[in-house]
Amino acid sequence: WEYLLGCYDPKSTTEQRNQLRQQRRLEYEKLKTKCREMDTTVGSGRVITMPVITEDGQPIEDPNSTGEQQTNNGPLTKEVIQWKLLLHQIGLDVNRTDRTLVYYESQENLARLWDILTVYAWVDTDIGYCQGMSDLCSPISIILEHEADAFWCFERLMRRVRENFKSTSTTIGVRSQLTTLSTIMKTVDPKLHEHLENLDGGEYLFAFRMLMVIFRREFSFIDTMYLWELMWSMEYNPGFFSMLESNSGPPNEKDENTLKQCGKFERKKLQAAKQEEQIPLSVFVVASVIEARNKRLLGEAKGLDDVVKILNEITGSLDAKKACRGALTIQEKYLTTVSFLSIPIPLYDKEMQIKIICTFLNCR
């Protein structure tokens, strides 16, 4: 996962990786020490589940508290107040995350997940912490033995998906992906898309959760890890590490040797004609999940509640490999259709237009 998410350069030596790993561990310890100075619960093995300050930065006394949570007595800065207001929300979410797993029967493991998320909330001052991040961090915290390694792996994952968590009073973070999903469905299955539109579901808001937490609720825990690994492998680009280290744009190098090292999905994306259209694989996976329920949605859904009910019934029971295969099929169909529909055809030649459209939509 550390390679797939761009933690390490695929061309690095063992010595280089060990050196970078140690540097990151020291950096994480410094960040955690800073957080501990602001609130002594960090690193204590405990988890905060009650507010510790008011909106204006005044401390709230916890009757169960055994000591000071704030080590300095001066007025809190805006950034510290913003961070401390998140601590109890992180704790509440941590206590709800993957609680059926034996791993989280240990208070130490719960506290470890809370520590990682609180440090990240301090580092990412723009977004901080949002509900759903604990779902993304949990598998990484379980798989990677060292807490600092888990933190940096989660930080790399967040760089890929953090736009999902950027919401305002007028829009949600995944809005652009939902708009793209609508375009894809309209292209590959116009009949189902029209049906959903008639049910006032053409904006695909019912797919919000799938994209936000990358299918954590739709697949079992094991299948989620399998799905993530499949997706990251197919989206893999050897230039990720350099891009993340330099904060440059997404790697779009078309060099033949680079393409050979890319995942299957990434190769197709880079070779596509419209390079500006960078559609993540997760959007095609959502399309695959919806398309797989085409008959039920067309036959049984009489309203948006029915759509949500049909999709909620798949919770924890989806097949990751099948969903990915379906996603790749839809991607190929979408790219092919869009490519051919962009061919200039005389407007008067309606018969030719209909033939091309029907061929690539598999219509009769």
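Predicted model: local features only at pLDDT ≥ 70, side-chain atom pairs only at ≥ 80, totals over all residues.
Colleague: Why are helices α1 and α4 called roughly perpendicular?

Modeller: The axes of α1 (residues 14-38) and α4 (residues 107-123) come within 10 Å and cross at roughly 90 degrees. Angles of 65 to 115 degrees count as roughly perpendicular, so α1 is roughly perpendicular to α4.

Colleague: Which residues of α1 and α4 meet?

Modeller: From α1, the residues are Tyr-28, Leu-31, Lys-32, Lys-34, Cys-35 and Met-38. They meet Asp-115, Ile-116, Thr-118, Val-119, Trp-122 and Val-123 of α4. The residues of this contact divide into 8 nonpolar, 1 polar and 3 charged.

Colleague: What makes Lys-32 and Asp-115 a salt bridge?

Modeller: The closest N and O atoms of Lys-32 and Asp-115 are 3.5 Å apart. The cut-off for a salt bridge is within 4 Å, so the pair qualifies. Lys-32 lies in α1 and Asp-115 in α4, so the pair ties together parts that are 83 residues apart in sequence.

Colleague: How do you know whether Lys-32 and Asp-115 are buried or exposed?

Modeller: Buried means under 20% relative accessible area. Lys-32 has 9% relative accessibility and therefore counts as buried. Asp-115, at 3%, counts as buried as well.

Colleague: What makes Asp-98 and Arg-216 a link between distant parts of the chain?

Modeller: Asp-98 is in the loop between α3 (87-94) and α4, while Arg-216 is in the loop between α9 and α10 (221-234), 118 residues apart. Asp-98 forms a salt bridge with Arg-216, with the closest N and O atoms 2.5 Å apart. Both Asp-98 and Arg-216 are buried. A search of the whole structure finds 20 salt bridges.

Colleague: Why is the contact of Arg-162 with Asp-124 called a salt bridge?

Modeller: The N to O distance between the side chains of Arg-162 and Asp-124 is 2.7 Å. A salt bridge requires these atoms to lie within 4 Å, so the term applies. Arg-162 is in the loop between α6 (147-161) and α7 (175-188), and Asp-124 is in the loop between α4 and α5 (133-143). The two residues are 38 residues apart.

Colleague: Why does Arg-162 count as buried, and which residues are linked with Arg-162 in a network of salt bridges?

Modeller: Arg-162 has a relative accessibility of 18%, and buried means under 20%, so Arg-162 counts as buried. Asp-124, at 7%, is buried too. The network of salt bridges links Asp-124, Asp-126, Arg-162, Glu-163 and Lys-166.

Colleague: Why is the aromatic pair of Tyr-28 and Phe-151 called tilted?

Modeller: The ring centres of Tyr-28 and Phe-151 are 4.9 Å apart, and their planes stand at 40 degrees. Centres within 6.5 Å make a pair, planes under 30 degrees apart count as stacked and over 60 as edge-to-face, and the rest are tilted. The pair is therefore tilted. Tyr-28 lies in α1 and Phe-151 in α6, so the pair ties together parts that are 123 residues apart in sequence. Both residues are buried.

Colleague: What makes the pair of Trp-228 and Trp-232 tilted?

Modeller: The angle between the planes of Trp-228 and Trp-232 is 35 degrees, with 5.5 Å centre to centre. Trp-228 has a relative accessible area of 0% and is buried, and Trp-232, at 3%, counts as buried. Together with Trp-1, these residues form one aromatic cluster. The structure holds 12 aromatic pairs.

Colleague: Is Asp-200 buried or exposed, and how do you know?

Modeller: The relative accessible area of Asp-200 is 66%. Exposed means over 50%, so Asp-200 is exposed. Asp-200 is in the loop between α8 (190-198) and α9 (208-212), and its phi is near 65 degrees, a positive value in a residue other than glycine.

Colleague: Why is α14 called mostly covered?

Modeller: In α14, 10 of its 11 residues are buried. Ser-288 is one of them; its relative accessibility is 8%, so Ser-288 counts as buried. Residues that Ser-288 touches include Lys-322, Ala-323 and Gly-326.

Definitions and conventions
Residues numbered from 1 in each chain as written. Heavy atoms only, no water. Axes fitted to C-alpha atoms, helices over the stretch in contact; angles between N-to-C directions. Helix = DSSP H or I, 4+ residues; strand = E, 2+ residues; numbered from the N terminus. Parallel < 35°, antiparallel > 145°, perpendicular 65-115°, else oblique. Contact = heavy atoms within 4.5 Å. Nonpolar A, V, L, I, M, F, W, Y, C, P; charged D, E, K, R; others polar. Buried < 20%, exposed > 50% of the residue type's maximum accessible area, 1.4 Å probe, protein only. Phe/Tyr/Trp six-rings, centres within 6.5 Å; stacked < 30°, edge-to-face > 60°. Lists of a residue's contacts leave out its neighbours within four places in sequence.
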